[in-house]
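Here are my notes for you, written as numbered points. Please keep the model open while you read.

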Amino acid sequence: MSQTFTKSMARNIFFGGSAFFFLLLVALTFDTMQVLPKRDHRENITPAVERGKMVWEKNDCIGCHTLLGEGAYFAPELGNVYKRRGGEFVKSWIKSMPTKVPGRRQMPQFNLTDQELDDMVAFLKWTGEINTSKWPPNIEG
Amino acid sequence: MQYQSQKVAMPYFIAAIGLFTGQILFGLIMGLQYVMGDFLFPAIPFNVARMVHTNLLIVWLLFGFMGAAYYMIPEETESELFSPKLALLMFWIFLVAGALTIVGYLLVPYAGLAQMTFNDLWPTMGREFLEQPLPTKLGIVVVALAFLFNISMTILKGRKTSIALVLLMGLWGLAVFFLFSFYNPSNLVLDKYFWWWTVHLWVEGVWELILGSLLAFVLIKVTGVDREIIEKWLYIIVAMTLITGIIGTGHHYYWIGTPEYWQWFGSVFSALEPIPFFMMTVFAFNMVNRRRREHPNKAATLWALGTGVMAFLGAGVWGFLHTLAPVNFYTHGTQITAAHGHMAFYGAYVMVVLTIISYAMPMMRGRAANSEKAQVMEMWAFWLMTVSIVFITLFLTAAGILQVWLQRVSETPLGFMATQDQVTLFYWLREISGVIFLIGLIVYIASFFVEGETKEAA
């Protein structure tokens with residue numbers, strides 16, 4: 001780089017640029033927080049949905065599945081599983097694990113109570129109603 | 001080695017390499033579970049193996065960063081570490097806490113672990129990469145604060161270079177943004193939004209400051225190029241990193257419930273994210289070409305050049321591949337993401353830690369460089385690991401393209417598992433590449449034990 005462009009100029013771009021764009025992120029975040037209630041339908045977060053999220057987290061479901069596309073890529077997307085399969089199927093599926101089919105990917109038996117199963121379904125149903133800008137492209141997730 | 005206290009870096013580097021080995025072994029287990037679904041089931045279910053694989057990666061890179069800081073800061077500040085004893089104490093605390101966490105993952109069902117570690121009081125577990133129990137998370141904060149105190153005090157009493165300053169900012173940023181891991185609202189959208197403030201602002205933000213300063217430090221040492229020139233490059237690179245990367249966070253806000261303007265912000269800014277990585281490549285080659293000395297440590301120079309190239313390919317090119325919103329609509333959460341993740345982490349962070357280890361370890365063992373024989377072996381390891389990560393990435397990319405086509409683009413989309421069955425061949429090829437990576441790692445470790453004629457460190 002040429003001699004006219006000095007280290008202190010480079011340093012100023014670093015400090016100034018970083019500070020500016022961090023403030024922009026904060027401003028956009030502020031705006032996002034104003035808009036989100038219309039997109040996440042938080043009025044529908046019932047105690048069951050809250051408990052369902054806890055069940056989801058305590059069993060590390062994200063270690064195999066994706067949820068709105070984030071997580072592990074070993075097992076199906078579950079953000080839209082309520083629409084794809086329905087609540088009853090989800091419950092009976094979890095209860096019947098593992099399939100023990102030789103060579104197939106296996107899901108552990110988590111020994112969830114009926115209450116936990118209902119909460120999980122409530123959480124997945126609410127998740128499926130978030131406005132995700134039409135993602136995923138189709139029902140298969 | 002000019003300062004006695006630099007030597008505390010050694011246990012950090014040894015632990016890093018040990019945990020790296022564990023990470024690779026669990027990666028191979030997972031790779032096999034992709035094609036032999038019931039392998040090691042129910043002893044080690046996939047989610048447990050993945051937690052161990054990714055958490056080991058994070059922890060060993062942190063060991064690497066801390067070791068690097070302890071080695072670099074005395075030389076940069078021209079003074080001994082504020083407290084080598086504190087550094088050693090923190091090493092043992094971090095190692096024991098890390099080991100207990102991994103053992104916990106492997107021996108206790110995760111829900112039980114959550115129960116045992118008071119997750120009900122303050123739920124933070126069960127989120128990708130932040131699976132650590134609450135006591136471990138608190139332990140990370142304590143270790144990080146003690147470490148930052150030690151490093152900051154050393155810098156305060158010594159010479160203040162730009163490399164030390166950028167490194168310090170990166171490390172403080174790392175600690176500050178980790179605090180978002182303690183925020184876990186019951187609203188999934190908010191949870192995800194701020195989860196990225198740890199994850200994205202780490203790997204595409206403050207970690208790159210650490211990466212840049214490590215690379216700049218080694219380049220000064222092996223090329224002898226004037227510090228003014230190297231530090232000017234460093235500032236420009238990290239400036240571009242944060243200018244593009246901070247708003248680049250938006251590429252995670254396309255499909256998680258966040259407003260649609262993020263598709264514009266995310267696409268535009270993350271399309272620019274390859275620029276700092278490209279500059280890093282140019283920087284590394286430029287400095288080596290303009291070198292004013294022939295440093296005997298050829299292996300360290302190779303790692304430094306490799307970091308530039310592979311970080312650009314993995315983070316820059318493979319990131320750009322799926323970062324534009326209309327493309328990401330189809331690729332989000334597929335094997336394309338996995339392909340990018342593997343090459344980006346290896347190219348940027350694994351390689352830069354191995355660069356500083358390659359430079360610093362011989363110094364701490366009292367020589368300017370390892371013997372010719374040991375270096376040749378280390379360079380073999382470089383090529384074996386680097387070429388196999390390229391192939392892992394290519395095979396996962398192929399799997400990902402097929403997956404997107406069959407499951408997302410097709411008029412008659414297949415289900416997830418039916419799609420997975422169609423791409424098995426690529427998972428097998430990835431696993432074979434993974435075995436070659438492990439061989440490379442074994443050669444790498446073996447290179448530390450090769451004797452031969454060496455010169456005293458200057």
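The points below go from the model and its conventions to each chain, and then to the contact between the chains.

1. **Model and conventions.** This is a predicted model, in which local features need pLDDT of at least 70, side-chain atom pairs count only at pLDDT 80 or more, and totals for chains, interfaces and linings use all residues. Residues are numbered from 1 along each chain as its sequence is written, while chains are lettered from A and ligands numbered from 1 in the order in which they are written.

2. **Confidence.** The model has an ipTM of 0.97 and a pTM of 0.97. For chain B the average pLDDT is 97, and 100% of its residues score at least 70; pLDDT is the predictor's confidence in each residue, from 0 to 100.

3. **Chain A, secondary structure and extent.** Chain A holds five helices and two strands, arranged along the sequence as α-α-β-β-α-α-α. Helices (H or I, at least four residues) and strands (E, at least two) are DSSP runs, numbered from the N terminus. The C-alpha trace of chain A spans about 70 × 40 × 30 Å along its principal axes. Its radius of gyration is 22 Å, whereas a compact globule of 141 residues would have one near 14 Å. That radius is taken over C-alpha atoms, and the globule rule is 2.2 Å times the number of residues to the power 0.38.

4. Chain A is assigned a domain 1 (1-40) and a domain 2 (41-141), with bounds that come from an automatic or database domain assignment. The C-alpha centres of these two domains of chain A are 37 Å apart. Of the 141 residues of chain A, 40% count as buried. Here buried means that 20 or more other C-beta atoms lie within 10 Å of the residue's own, exposed means 12 or fewer, and partly exposed is in between, with C-beta atoms placed from the backbone.

5. **Chain B, overall.** Chain B has 16 helices and zero strands. Its radius of gyration is 22 Å, close to the 23 Å from the globule rule for 458 residues, so chain B is as compact as a globular protein of that length. The C-alpha trace of chain B spans about 65 × 45 × 45 Å along its principal axes, and 58% of the 458 residues of chain B count as buried.

6. **Chain B, nonpolar cores.** A nonpolar core is a set of buried Ala, Val, Leu, Ile, Met, Phe, Trp, Tyr and Cys residues joined through C-beta atoms within 7 Å. The largest one has 175 residues, and those that touch the most other members include Ala69(B), Tyr70(B), Leu215(B) and Ile356(B). With 23 residues, α7(B) gives the most to this core. A second, separate core of five residues includes Tyr110(B), Ala111(B), Leu113(B) and Ala114(B).

7. **Chain B, two residues to look at.** Leaving aside residues up to four places away in sequence, Tyr70(B) touches Gln6(B), Val8(B), Ala9(B), Tyr12(B), Leu81(B) and Ala87(B). Two residues are in contact if their C-beta atoms, placed from the backbone, lie within 7 Å. Phe395(B) sits in helix α14 of chain B and is buried, with 23 other C-beta atoms within 10 Å. The C-alpha atoms of Phe395(B) and Leu429(B) are separated by 6.7 Å, although the two residues are 34 residues apart along the chain.

8. **Chain B, domains.** Chain B is divided into domain 1 (1-160) and domain 2 (210-458), and their C-alpha centres are separated by 20 Å. In chain B, 23 residues of domain 1 are in contact with 24 residues of domain 2. On the domain 1 side, the largest share, 13 residues, comes from α1(B). That side divides into 17 nonpolar, five polar and one charged, where Ala, Val, Leu, Ile, Met, Phe, Trp, Tyr, Cys and Pro count as nonpolar, Asp, Glu, Lys and Arg as charged, and the others, Gly among them, as polar.

9. **Between the chains.** How many residues does each chain bring to the contact? Chain B brings 60 residues and chain A brings 58 residues. On the side of chain B that touches chain A, α8(B) gives the most, with eleven residues. By class, that side of chain B has 32 nonpolar, 17 polar and eleven charged residues.
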